[in-house]
Amino acid sequence: MASSVLVSLIVLLSFYGFQVHCKVDRYAFNIVENGTSVNEQIEVDVENQTEVIRVPQHNNVDAVEIINDFDAGLSARRLPASKDCYVSKLDSSVPSPTKLKLDMDQASRQSALPNNVTTKRTGWRVVGFADRSALPEKIVDFCGSFPIFNVEPIPLDSMNTTLHRISSHGRRKRSHWIKRWNGCSPSDKDTMNDCLSKHGNDFKKIQLKCKYDIFYCYFMAVCEHYDPNGLSLEFICKKIIHEVNYPGVCCTPVC
């Protein structure tokens, strides 16, 4: 699957940061992946409670720009390849601007980042067009002229899921969906209901064969107080989170 391949291709993680004398702190997160150097850009604005992550296209991974707006409680992802923008509720696990700045400052001071990489895969189902007039100006400006879709997460890691990439980019016809997943065709709803009946509504016993045409990823350093000897509370980055996202993924259930 794409996520396991991506993790195995990470051979080096390094970090350098810089700050300018303004309210926005800017960092460059350098990742060498499959021999390709990738510069992930991170901007933290504590005053306006926003975070922006920019990852360029590299290897077979699509470019993405992400804004987390903590005042509005929303995240938006801008995808140049499909010319779409996806908006969702802000995940509670996303570090606040204050915490992210603390983590990035610490990572910039460390001589090396850890090789401990945890990968999280998330699919996103489209639930309709977003109402631009109801969105904050920051989100609308960030998405620009791209159409904006409301999306909800599909926790792929909690299911028996295989993923296959569709060869061409472009907007697929938005498929029928039911709770917790996107079907690739209208008949998949009946198949899912049959599978749920057979397995006593246990999603974990159902295999999902999923298709996607675009995916993106980003990396975050996770830092915390560390007290190995019980003598101090050193703040140190000990883990890297690798977030892999599949917007508009569709899945066919197999009983």
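Guide: One term before we start: a residue counts as exposed when over 50% of its relative accessible area is open, and as buried when under 20% is. Also keep in mind that this is a predicted model.

Visitor: Okay. How many helices and strands are in the protein chain?

Guide: The protein chain has four helices and 16 strands.

Visitor: And what share of its residues count as buried?

Guide: Of the 255 residues in the protein chain, 46% are buried. Its accessible surface is about 12400 Å², and carbon and sulfur atoms account for 51% of that.

Visitor: What about contacts, how many join residues at least 24 apart?

Guide: If you take the contacts between residues at least 6 apart in sequence, 62% of them join residues at least 24 apart.

Visitor: Let's pick a helix. What span should α4 have, and what does the model give?

Guide: Helix α4 runs over residues 187-198, which makes twelve residues. At 1.5 Å a residue that should span 16 Å, and the end C-alpha atoms are 17 Å apart, so the two agree.

Visitor: Which residues of α4 are buried?

Guide: Those are Asp188, Met192, Cys195 and Leu196. They cover an arc of only 100° around the axis, so they sit on the same side of α4.

Visitor: Why would residues a few places apart point the same way?

Guide: An α-helix has 3.6 residues a turn, so residues three or four places apart point the same way.

Visitor: Then which ones are on the other side of α4?

Guide: There you'll find Asp190, Asp194, Ser197 and Lys198, and these are exposed.

Visitor: What comes just after α4?

Guide: Gly200 does, and its phi is positive, about 65°.

Visitor: Changing topic: how many residues does the largest nonpolar core have?

Guide: That core has 48 residues. Phe29, Ile42, Leu163, Ala221, Tyr246 and Val249 are the ones with the most contacts inside it. Strand β14, residues 216-226, supplies the largest share of this core, with seven residues.

Visitor: What's in the second core?

Guide: The second core is separate and has 13 residues, including Val52, Ala76, Leu135 and Phe142.

Visitor: Now for charges. How many salt bridges does the count come to?

Guide: The count is nine. One of them joins Arg54 and Glu65, whose closest N and O atoms are 3.6 Å apart. Arg54 is in strand β4 (residues 50-55) and Glu65 in strand β5 (residues 64-69), eleven residues apart.

Visitor: Are those two buried, exposed or partly exposed, and why: Arg54 and Glu65?

Guide: Arg54 has 30% relative accessibility, so Arg54 counts as partly exposed. Glu65 is at 22%, so Glu65 counts as partly exposed as well.

Visitor: Which salt bridge do the side chains of Glu65 and Arg78 form, and what's the N to O distance?

Guide: Arg78 and Glu65 meet with 3.8 Å from N to O. Arg78 lies in strand β6 (residues 74-79) and Glu65 in strand β5, so this pair ties together parts 13 residues apart in sequence.

Visitor: What about Lys138 and Asp71?

Guide: Their side chains meet in a salt bridge too, at 4.0 Å from N to O. Lys138 is partly exposed, with a relative accessible area of 32%, and Asp71 is exposed at 57%.

Visitor: Which residues do shared partners join into one network?

Guide: Salt bridges that share partners join Glu43, Arg54, Glu65 and Arg78.

Visitor: I've got my eye on Thr50. Where is Thr50, and which residues is Thr50 in contact with?

Guide: Thr50 is in strand β4. With 9% relative accessibility, Thr50 counts as buried. Setting aside neighbours within four places in sequence, its contacts are Glu43, Val44, Asp45, Asn68, Asp69, Pro97 and Lys138.

Visitor: Last one: is His164 buried or exposed?

Guide: His164 is exposed, at 52% relative accessibility. His164 is in strand β10, residues 160-165. Apart from neighbours within four places in sequence, His164 is in contact with Cys210, Lys211 and Tyr212.

Visitor: And how far apart are His164 and Asp213?

Guide: They are 49 residues apart in sequence, and 8.6 Å apart in space from C-alpha to C-alpha.

Definitions and conventions:
Residues numbered from 1 in each chain as written. Predicted model: local features only at pLDDT ≥ 70, side-chain atom pairs only at ≥ 80, totals over all residues. Heavy atoms only, no water. Core = buried A, V, L, I, M, F, W, Y, C linked by side-chain atoms within 4.5 Å. Buried < 20%, exposed > 50% of the residue type's maximum accessible area, 1.4 Å probe, protein only. Helix = DSSP H or I, 4+ residues; strand = E, 2+ residues; numbered from the N terminus. Expected span 1.5 Å × (residues − 1). Arc of directions from axis to C-beta. Contact = heavy atoms within 4.5 Å. Areas by Shrake-Rupley, 256 points an atom, 1.4 Å probe, with all protein chains shown as cover.
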